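Let's take a walk through this model, one stop at a time.

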Amino acid sequence: MVQERRRGRPPATVNGRTAPERLLDAALQLFAEKGFEGTSVQDVVRAAGVTKGAMYHYFASKDDLLHEIYLRVLRMQTERLDAVVAMDLPVAERVHAAVVDVVVTTIENIESATIFFRSLHQLADENQRQVRRERRRYHETFRALIVEGQREGAFREDVSAELSVDYCFGSVHHLPMWWRPDGPASAAEVARTFADLFVAGITAR
């Protein structure tokens, strides 16, 4: 993760981007092209235009770059889910909006998702645990929406909220395996179809 030494004077920018941002963008591109194991720290700092000392000022290791690449997407998705939950809308509409959002944001960050799921096992144990905690929080927030709908009678009670969550996010996590920008369906079309199917499947009859 970005280290605490960042606090204090903000990092200088080059072309509007800070050193941590350039490092993360360079790592994302290189991990996608060469794989996590095939990318060295020297590759990353050369592509980012910084020194190794500058990198270690913000990130303790290459592992921390991979960790931060995924967490910045997950943090953004969690903030957006919290906003959806707070909307003054029927629960079915909020669940639909939440599914649309997570599909669209996963596709918009498809490289980050691809790299992360391919390389999760290579993270240090503590980084893996932190990612799982953050992802569990997201899933629990989504699960609470399903439970709310069941209590209101809007959603089926014969399907557990846990199974519904697993079904939804299993599909989302599989997106990097098949979605392509030049494919037949746009991110918005895929998101709307996923959300329509999911909500239809859990709606009480």
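This is a predicted model: local features need pLDDT of at least 70, side-chain atom pairs count only at pLDDT 80 or more; totals for chains, interfaces and linings use all residues.

Residues are numbered from 1 along each chain as its sequence is written, and side-chain values use heavy atoms, with hydrogens and water left out.

Find helix α1, which covers residues 19–34. (Helices are DSSP runs of H or I with at least four residues, numbered from the N terminus.) Its 16 residues reach 22 Å from first C-alpha to last, close to the expected 22 Å, a figure that comes from 1.5 Å times one less than the number of residues. (Buried means under 20% relative accessible area, using a 1.4 Å probe and protein chains only.) After α1 comes G35, with a positive phi near 85 degrees.

Now hop over to T141, in helix α7 (residues 125–152). T141 is buried, with a relative accessible area of 19%. Its side chain reaches the backbone oxygen of R137 at 3.0 Å. Setting aside neighbours within four places in sequence, T141 is in contact (heavy atoms within 4.5 Å) with L81, D82 and V85.

On a 1 Å grid over the protein atoms alone, a cavity is a set of points where a 1.4 Å probe fits but cannot get out, whereas a pocket is an open set with protein on both sides within 12 Å along at least five of seven lines; lining residues have an atom within 4 Å of a point. Grid points are joined across faces, edges and corners, and a volume is the space filled by probe spheres set on them.

The whole structure has one cavity of 30 Å³ or more. The largest cavity has a volume of about 130 Å³, and of its 16 lining residues, Y70, Q77, V102, T106 and H173 are the closest to the centre. Helices α4, α5, α6, α7 and α8 each give at least two residues to that lining, with the largest share, four residues, coming from α4.

Finally, the largest pocket has a volume of about 260 Å³. Among its 13 lining residues, Y167, C168, L197, F198 and G201 are the closest to its centre. Both α8 (161–173) and α10 (187–202) supply at least two residues of this lining.

Technical notes. Buried means under 20% relative accessible area, exposed over 50%, partly exposed in between (1.4 Å probe, protein chains only). A polar contact is a pair of N or O atoms within 3.5 Å; within protein, one must be able to donate a hydrogen and the other to accept it, and residues adjacent in sequence count only if both atoms are side-chain atoms.
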